[in-house]
Structures are given as structure tokens and as C-alpha cells.
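Work through the exercises below with the sequence and the model open. Each task is followed by a stepwise solution.

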Amino acid sequence: MINLKCNKNRGEIIYEKNANNKMFLASTTKLMTAILFAENKSKEDTITYTESAKAQPPYTMDSEQMAPYGKSMQIGDTLSADTVMKELLLFSANDSAYMIADAVFGNSNTFVELMNKKATEYGLKNTHFSNPNGLPVNGNDVNYSTAYELAIITKHAYDNQWIKETMQL
């Protein structure tokens with residue numbers, strides 16, 4: 001069991017148990033994706049639905065339940081960056097993470113390198129990203145962090161006004 005309690009006003013840890021055990025991130029990976037997105041794009045930017053976004057598995061914007069305007073997303077369709085941020089953080093749409101990676105740095109490989117660079121900038125030593133959406137690759141979890149380091153990522157995400165507004169919806 002991992003437990004980490006912080007004083008939200010001062011950001012100090014008031015209780016921790018196993019806070020430095022590495023765990024798989026799953027969709028919490030999308031917090032770092034959101035940080036890089038918010039640092040490199042504005043709400044009004046237009047983001048294109050790409051081939052790599054279309055290749056993502058179910059629970060995406062391309063599914064009938066989530067598709068905007070009641071239609072399936074097609075490669076080349078565009079959405080506002082604000083809509084893509086909402087899809088990422090509120091609906092955990094896996095394809096939105098790849099739309100972001102492609103829009104911000106041209107491809108997911110470069111984007112992931114920058115996710116790891118950002119983790120290093122934050123002083124995180126037990127965090128690693130292999131993709132922008134947190135899904136397992138070939139059945140293996142590939143993104144990991146600790147409760148402590150995830151708390152640091154979350155604080156940085158919440159310090160960004162655009163992300164904060166989106167998370168408060």
C-alpha cells in the first residue's frame with residue numbers, strides 16, 4: 001500500500017508510507033502530456049487528428065461514445081487545443097495524447113524524450129515515460145513513477161492555469 005498525504009497549503013509531506021516505490025502510471029501519464037501541451041500551445045490553437053492518434057485502442061475520441069459532434073474522427077479532422085486538453089484530462093482519451101505529441105513536437109518519440117527531460121528538470125529520479133498516454137505496450141506497463149514524484153508532477157500540472165481550469169470542470 002502506498003500512502004502520501006501533503007499539506008496542500010505548504011506542499012509539505014505530513015505522512016508517507018512507501019512513497020518511493022515505483023508503480024505504473026497508466027493514465028496519470030497524461031498529466032505530463034498536459035504540461036508539455038500547455039507550455040507549447042494555446043487554447044485557441046488548432047490540433048489535427050493524426051494517423052498515430054487513429055492507431056490508438058478503444059476509449060478514444062474516435063469511439064462512438066466520445067466522438068465530438070456524433071461522428072467518428074477521421075485523419076485530418078481538427079479540434080481546438082482546448083477541446084483536446086479536455087479530452088485528455090476529463091475523458092482520458094488515448095488518441096488525444098498522440099494528437100498532442102504530433103502537434104507539439106512532430107511525433108511521439110520526440111515528445112516522449114521531452115517528457116523524460118521535463119521529469120529530469122523537476123528533479124525526478126524514479127520516473128520514466130515511454131509513451132504519452134500511459135497505455136501498456138505489448139501487454140507490458142512501460143511508464144512508471146512513485147507516489148512522491150507523481151505528486152510533484154501533479155503540483156506542476158495544477159500550477160498551470162489552463163490545466164487547472166480544465167481539471168476543475
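**Exercise 1.** Which residues is Pro132 in contact with, leaving aside its neighbours within four places in sequence?

*Solution.* Step 1: take contact as heavy atoms within 4.5 Å. Step 2: list the partners of Pro132, which are Thr29, Lys30, Thr33, Ala97, Tyr98, Ala101, Ser108, Phe111, Val112 and Met115. Step 3: for Ala97, the C-alpha to C-alpha distance from Pro132 is 5.6 Å, and the two are 35 residues apart in sequence.

The model is predicted; local features need pLDDT of at least 70, side-chain atom pairs count only at pLDDT 80 or more, and totals for chains, interfaces and linings use all residues. Residues are numbered from 1 along each chain as its sequence is written, and side-chain values use heavy atoms, with hydrogens and water left out.

**Exercise 2.** Is Pro132 buried or exposed?

*Solution.* Step 1: buried means under 20% relative accessible area, exposed over 50%, and partly exposed in between (1.4 Å probe, protein chains only). Step 2: Pro132 has a relative accessible area of 0%, so Pro132 is buried.

**Exercise 3.** Which backbone nitrogen does the side chain of Asn143 reach?

*Solution.* Step 1: Asn143 has 2% relative accessibility and therefore counts as buried. Step 2: the Asn143 side chain comes to 2.5 Å from the backbone nitrogen of Ser130. Step 3: beyond its neighbours within four places in sequence, Asn143 has contacts that include Met23, Phe24, Leu25, Thr29 and His128.

**Exercise 4.** With which residues is Met85 in contact, leaving aside its neighbours within four places in sequence?

*Solution.* The partners of Met85 are Ala34, Phe37, Ala38, Trp162, Ile163 and Thr166.

Technical notes
Polar contact = N/O pair within 3.5 Å; in protein donor to acceptor, adjacent residues only side chain to side chain.
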